[in-house]
Amino acid sequence: MRSGRILLALLLLIGVVGVLTTGAAIYSRFMYLSLLLGIGSWIWTHWTARGMGLQRFSRLQRANVGDIFEEHFEVANNSRVIAPWIEVYNQSPIPFVSGSRLFTFVVGRQKRTHLARTWLTRRGGFPLGPTRISTGDPFGLFRVSKDIPASQTLIVLPMIFEIKSFLFPPGLLPGGQVIRRKSPDITPHAAGVREYVHGDAMKRIHWPTSIRRNHLMVKEFEQDPQAEVWLYLDSQRDVHIERPYLFDEVTVEAMMFGKRPKFQLPPSTLEYAISITASLAHYFVERRRAVGYASAGQTFTVHPADRSERQEAKILETLAFVEANGSLSIAALVAAQSSQMPQGSSAVIITPSTRPDLLFAVDDLQRRYLRPVVVLLDAVSFGGKGAATEGLVRALRERRVPVCVVACNANLSQVLSEFSSDFISQDMRTWQTHVLSQ
């Protein structure tokens, strides 16, 4: 564009100087040609720019880390003149975002489409835009851009690893006493009927009783008596470790036909903890377990135990935005929520902490007749300089608490799946003592 303007300015300068000095016809032609070229290019560019349009389509607004996100771009030239070129620049903040493209010779009333594939490497919420489309004249004199704001947001959920089995020792997870506590949701355990209150769902109306009493009556339900599983994610600022890392950009050829590149979690205890929490939530919900979640990162977040797929979606969406900037220790987090858990329930603590707070949390859970399970991230393998985990693991085993140690670059599917059989084969006797049978 700059060279075209320089050439146009030289033509105009030569024409003006030549007309003033010699008055030859050739110089006047240079001057008129440059003026005509500049005015015509300006009109062409702005006429074409007024008819430019862009639409972005994506089939899903939810995806997981490691997935290939596909998005369709449709560029339209709604004017009657030819657009020599139209450039699409995707300004979405998604890492390694694709979608930028250059189209040439777009005739009037024509649409061009292309498919963009982006390898998702970071969780969180990302706007699908803004998008800048530009066009110009064929001589490169003028350029007009139009910014189109984002209208949709992509939520990138944590990566989920397949867990074939997790710890189910006798009396650890399937137990529980009957809970005489009302539930706002419909459960298999009906507790009675009451009069209809504005806002009650129509599906809770008990029609035989309503007809008999001549006014609407709704059913009441109690919480499921089966033991709950609670996931406690330690998001305290001072306990997490992260090594510097850099993802290599994946070529378009590697993502052809929806092929998923091999993804490895970054060397961060927070990312490993979040993926473990997401994988366990998916595992327990898939087996119809009532799963609860608690963490204290940028906000104190608690999701009461539920067994629906909606519960899994809520937990995963929360995990997509969790950051390690909390000040609440794992012991304080457990103490704040464990009183709401029914006896016999299980508490899975996911943490890289080697501080005594973890032992305080375990002791608190056992005093309440709850079943603690610890997934301990080996902070030393992530580059941490704290104390080794052997002493803490020994103290947890002395308290008859199952502990799964996860190191950096470990295969999470294999480690979490084999943890169940390893613990049962080595420590089954500890689960048969009076400490866990109360």
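Colleague: What do β8 and β9 form, and how many residues sit between them?

Modeller: β8 and β9 make a hairpin with six residues between them, and G140 in the turn has a positive phi of about 70 degrees. Strands here are DSSP runs of E with at least two residues, helices are runs of H or I with at least four, and both are numbered from the N terminus. Bear in mind that this is a predicted model: local features need pLDDT of at least 70, side-chain atom pairs count only at pLDDT 80 or more, and totals for chains, interfaces and linings use all residues. Residues are numbered from 1 along each chain as its sequence is written, and side-chain values use heavy atoms, with hydrogens and water left out.

Colleague: Got it. How many bridges join β8 to β9?

Modeller: Six, and the two strands run antiparallel, with β9 covering residues 143-148. T131 is the residue opposite I148 in β9. Strands count as paired if DSSP finds at least two bridges between them.

Colleague: And β4, in what sense does it pair with β8?

Modeller: Antiparallel, over five bridges, with β4 spanning residues 83-90. There, E87 faces S134 in β8.

Colleague: Why is β8 largely enclosed by the rest of the structure?

Modeller: Because five of the six residues in β8 (131-136) are buried. Buried is under 20% relative accessible area, exposed is over 50% and partly exposed is in between, using a 1.4 Å probe and protein chains only.

Colleague: Back to S134. Is it buried or exposed?

Modeller: Buried: the relative accessible area of S134 is 2%.

Colleague: Which residues does S134 touch?

Modeller: Leaving out residues up to four places away in sequence, S134 touches M52, W85, I86, E87, R143, V144 and S145. A contact is heavy atoms within 4.5 Å. As for K146, it is 12 residues from S134 in sequence, and their C-alpha atoms are 6.3 Å apart.

Colleague: What joins G129 and P130?

Modeller: A cis peptide bond, with omega about 0 degrees. P130 is in the loop between β7 (124-127) and β8.

Colleague: Where is F105, the one with phi near 55 degrees?

Modeller: In strand β5, residues 101-106. F105 is exposed, because its relative accessible area is 53%.

Colleague: And R288, where does that lie?

Modeller: R288 is in the loop between α4 (269-286) and β15 (291-296). Its phi is positive, about 60 degrees, although R288 is not a glycine. At 48% relative accessibility, R288 counts as partly exposed.

Colleague: New topic: how many disulfides?

Modeller: Zero, by the rule that a disulfide is a pair of cysteine sulfur atoms within 2.5 Å. C404 is at 4% relative accessibility, so it counts as buried. C408 is buried too, at 12%.

Colleague: Last one: how many residues line the second largest pocket?

Modeller: 23, with T121, R122, R123, Y245 and E271 nearest its centre. A pocket, on a 1 Å grid over the protein atoms alone, is an open set of points where a 1.4 Å probe fits, with protein on both sides within 12 Å along at least five of seven lines, and lining residues have an atom within 4 Å of a point.

Colleague: What's its volume?

Modeller: The second largest pocket has a volume of about 390 Å³, taken as the space filled by probe spheres set on grid points that are joined across faces, edges and corners.
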